[in-house]
Protein chains: 2
Amino acid sequence: MYKKENLHSRNNRSGTNFHDKKSPHETIERELDGLRVIPLGGLGEVGRNMMVLEWEESALIIDVGLNFPMEKTPGVDYIIPNISYLEKSKKKIMGVVLTHGHYDHIGALPYILDKIGNPPLFGSALTLGITQKRQEEFPLQPKLKLNEIKEGDKIELGPFSVEFFHQNHNVPDGHGIVVETPVGNVVHTSDFKFDSTPTNAPPTNFERLQEIAKKGVLFLMSDSTGAEAEGRSLSEKLIAENLEKIFAKAEGRIIAATFASLINRVQDIITISEKYGRKVVVEGYGMKTNLEIASNLNLIKTKKGTLIPAEKASDYPDNKLTILSTGAQGEGNAALMRILSKQHRFFQLKKGDSVVLSSSVIPGNERAVQNLKDDIMRQGAEIFHSQMMDIHAKGHAQQEELREMIQIMKPRFFMPIHGQYSMMASHAALAEREGIPKKNIALIDNGFIVTLNPDKINISKKPVPVAPVMVDGSGIGDVGGVVLHDRMDLAESGIFVVIAVIDKKTRKIKNSPDIISRGFVYLRESQVLLTEVRKKVMEIISKGGKQKKAVKDIKPEIKTKIEGFLYSKTGRRPMVLPVVIEI
Amino acid sequence: MYKKENLHSRNNRSGTNFHDKKSPHETIERELDGLRVIPLGGLGEVGRNMMVLEWEESALIIDVGLNFPMEKTPGVDYIIPNISYLEKSKKKIMGVVLTHGHYDHIGALPYILDKIGNPPLFGSALTLGITQKRQEEFPLQPKLKLNEIKEGDKIELGPFSVEFFHQNHNVPDGHGIVVETPVGNVVHTSDFKFDSTPTNAPPTNFERLQEIAKKGVLFLMSDSTGAEAEGRSLSEKLIAENLEKIFAKAEGRIIAATFASLINRVQDIITISEKYGRKVVVEGYGMKTNLEIASNLNLIKTKKGTLIPAEKASDYPDNKLTILSTGAQGEGNAALMRILSKQHRFFQLKKGDSVVLSSSVIPGNERAVQNLKDDIMRQGAEIFHSQMMDIHAKGHAQQEELREMIQIMKPRFFMPIHGQYSMMASHAALAEREGIPKKNIALIDNGFIVTLNPDKINISKKPVPVAPVMVDGSGIGDVGGVVLHDRMDLAESGIFVVIAVIDKKTRKIKNSPDIISRGFVYLRESQVLLTEVRKKVMEIISKGGKQKKAVKDIKPEIKTKIEGFLYSKTGRRPMVLPVVIEI
């Protein structure tokens, strides 16, 4: 039923199942039958990736990622995909395929998995290792059904036959996906770049890609994150070479900050440290955890004795020490910030230190990173960041590589995925230049249903629900528009609570009203203002009492009048909350 | 007295005036006497520029700018310089020199001027025009003492003799300053770029700069905003040429968004529109105001009939129409946003429109601008922005120009001003490469006092007060750490007020406690939680009553216990405010 509900909003209103009833609309219906591809996240945004493939009564999910909060969602921890479309039909879900171990691909699992019936998960050893480790932070969740796959494995999930192919990115053990479906083969590139000299991984296997292409590709879904950047992405080897230049020159400690998730970068920093005889102290919980998982799988290689605990660092001279830390984005609580602000238990920044920020700046973090740079320079340390030299390679294919992917796969239909709309639009324009007709390209937002047949692509007129679901503390989805709007209002000018107790019988106020306020003005320095407010409230209540007004009518009057009064006196609009208690 | 208070914190403690007493410290004192230069804003930040020059009992101020709020100052309108250093000695102020009409140079005047005794202002016609217009928004402020200056004018202000020299920037009628002082000549570049083909202004007059240099420059203070960028800034002519390419191709309306303050860009867009037979509708209050001031001074030239009101736009075909608007940064209330979101009275975006964003992205606005781009593309309009082509020139000299400025002026002492610390540090390094000894370069933050003598530069050990002053509504400086901290806490998880009325005699609670909450959870969907909270509060009060606890001891107990309870249930930490009223 649901497929029609979403595909044909017009027919849907009748609530009829045309297949059963053999209605006159049947022909139209049949034409639109086919493989359904529904992006629940990751389109028009960077992060929160989740894709659904449906054939009749079977569904396959690719990735279940999260996104990080935006300015307009204060207090929110994460944003996850909206799965109301799936909740009705969770029995159909044959499995969840995880392409790689980044949180924007696996991070929403603990919030979503039990709601979709805890289906089996398929992914590489590292991807599942990171997934499992994260799950342990959620003890109430059901046990994961983990199924480890390897390059070349083929898994049968109902009508879907899924194969994995190695893709280079900035975390090892990642894969693209080929799904054989009844209408043809679907390729999902996941996040990728072409790299002939990667770290800790074989280079891109173009032969394998050719083999996949040879079987015919009906539909290609390809990563758009780098689609606005000309040329090719940098190889990780080049990054390592540039990093090494810093190590070759540095005469003091090296503090190298990157993302915990950039496991290949972490490997590079360790390898170069070993080459220059430096011991490595690893700081930051995420960094330590990922290192442990990857090491156990032999996906990070460290010589015995390279890694030392922080408390042993003072045993070594500065030029024999690397501190590998989180915090390259200026995140408030990360190890690097604690080192800078003298809050760290073992390390303080000093002259002679070289600080390497080896990560790109996430949009929205520009000011924090600028302040970080300023602070490092003020303290007399040297700084190296990716605007100064190529010490960060983005993990995403750029225009030349995207062009090659399309030329190899030669898909009949194409959909740009993973990226802001402007990136997807660039990718769509590129695909058109590579010869895919515009009508065969699905440039869409989350929630629209793409229906595929061997010779036809259709896009639903309306999307399924995709409104972002907020995670705040242990609440999932219970923070929405009203609560967030209130938070933004509170941040703007604070709160002002007026509490008055009135006598039920006499309708007169008892005592002077209490006032409690936060984030508005210093109350101690505003006694005159408060006295005036109290006077006004007493007047309103006294007048209301005489007119025998109900409390429910007095409260809005207090609110409006006090709001107006405070604005006239201060130019600010705190949220005024009147409390009138009858005793 | 004050000069010693700030220069020698050690001597200062005695409170002695050594000159009068001929104390043994006199020699040391004398050595440190000289011209004092005190940056009160604009160092280590972009904006809020304000510089003080002092000689004995006379002071001269250069610029009084504001800055825009940061993430950590929610609800704040502007950030202005801290002038507590000046307030004690306002009689010394001979005048305020304004270099150009941007708000980061003049915008704090209405908040500061009466506090420093409303001294005379000196600036060009346009600078004073914008200053005066802004002042009209503050009717309670005293009348400005405006003194118009022209290139080459010399004004005598006590021991200071001030000359103005034309500088190119992205607003016309801006000037650099040369101040003859008893110790030598001081040059303040203000914001500048070298441009041989500027809009609406003569090119940089290198002869004049050479003349200034010939008289000897003791101290150069130079704009660092562009010091991290290699090469030279783009000429405005090139920008105009690139803009024209868009106009030459566009078949529909052109919606050109830029800053209202970029008056030269506004001129370019009008001139090119005229060339292509397009009428121009000007949208946005700031845009209209600046256009009016500049037109009245003949600093913007428009042909008769070019500017039309919005309501007449429908009389013209799309390809004969330019809409010139604010909103290139994705500002929520700007004209462009209203056009995009179908909130505008006259215009809606449509297919065929070309939207030109002709401004750089201010750090912190990256996400807003990305969303703006996405929205424009989603609606099928074409977009042109400065990452795609050179349609925005920054108004600031880059490394090659900064090098030339130093080579021309050949100052004995040098101070990088205007910019983040990393920019100033780049500028200082550049100056050193150009031959200025490191010990002659003052790479400092706001508030440090530079004391200059013909052969000596000294920097105070401690800064004068420079903590940012917040403007919020009509309050200046009354919003500080505690209030802002509360606002950020409120934004994070909201507020939770518990109100209990207890009987003074029996110490028992009357009724069930009232609960009022905002920004925490949907109260309607959280009845179970609220019932539990009420129960817990009643228990605490009942127990407290039996133990005869005072209300002041019961309140913190309610706060702690309810905070803990709410965190255990929701993982959130709303601000819990207990109100206990005795009746």
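In chain A, six strands form an open sheet in the order β8-β9-β10-β11-β12-β18, with mixed pairing. Strands pair here if DSSP finds at least two bridges between them, while the strands themselves (E, at least two residues) and the helices (H or I, at least four residues) are DSSP runs, numbered from the N terminus. This is a predicted model, in which local features need pLDDT of at least 70 and side-chain atom pairs count only at pLDDT 80 or more, whereas totals for chains, interfaces and linings use all residues. Residues are numbered from 1 along each chain as its sequence is written, chains are lettered from A and ligands numbered from 1 in the order in which they are written, and side-chain values use heavy atoms, with hydrogens and water left out.

The edges of the six-stranded sheet are β8 (154-157) and β18 (413-417) of chain A, each of which pairs on one side only, and the twist from one strand to the next averages 20°. Within this sheet, β10 (residues 174-181) and β11 (residues 184-188) of chain A run antiparallel and are joined by five bridges, and A:I177 has A:H188 in β11(A) as its bridge partner. Helix α9 (residues 206-214) of chain A packs on the sheet, where it touches β9 (160-167), β10 and β11 of chain A; contact means heavy atoms within 4.5 Å. Helix α16 (residues 421-433) of chain A also packs on the sheet, touching β12 (219-223) and β18 of chain A.

A further open sheet of chain A has eight strands in the order β7-β6-β5-β3-β2-β1-β19-β20, again with mixed pairing. Its edge strands, β7 (146-148) and β20 (456-459) of chain A, each have a single partner strand, so one side of each is left without a neighbour in the sheet. Five bridges join β1 (residues 35-41) to β2 (residues 50-55) of chain A, which run antiparallel, and A:R36 is partnered by A:E54 in β2(A). Helix α8 (residues 125-135) of chain A lies across β6 (121-123) and β7 of chain A.

| α9(A) | β9(A) | about 155° |

In chain B, helices α11 (residues 263-275) and α12 (residues 285-296) pack at an angle of about 85°, with their axes 11 Å apart. That makes α11(B) roughly perpendicular to α12(B), a term for angles of 65 to 115 degrees. B:I263, B:V266 and B:I270 of α11(B) meet B:M287, B:N290, B:L291 and B:A294 of α12(B).

The structure also holds ten cavities of 30 Å³ or more, a cavity being a set of points on a 1 Å grid over the protein atoms alone where a 1.4 Å probe fits but cannot get out, with lining residues having an atom within 4 Å of a point. The largest cavity has a volume of about 60 Å³, a volume being the space filled by probe spheres set on the points, which are joined across faces, edges and corners. Its lining includes B:K154, B:S161 and B:E163, and β10(B) gives the most to this lining, with three residues.

How values were computed:
Axes are lines fitted to C-alpha atoms, for helices over the stretch in contact, and angles run from 0 to 180 degrees between N-to-C directions. Angles under 35 degrees count as roughly parallel, over 145 as roughly antiparallel, 65 to 115 as roughly perpendicular and the rest as oblique. On a 1 Å grid over the protein atoms alone, a cavity is a set of points where a 1.4 Å probe fits but cannot get out, and a pocket is an open set with protein on both sides within 12 Å along at least five of seven lines; lining residues have an atom within 4 Å of a point.
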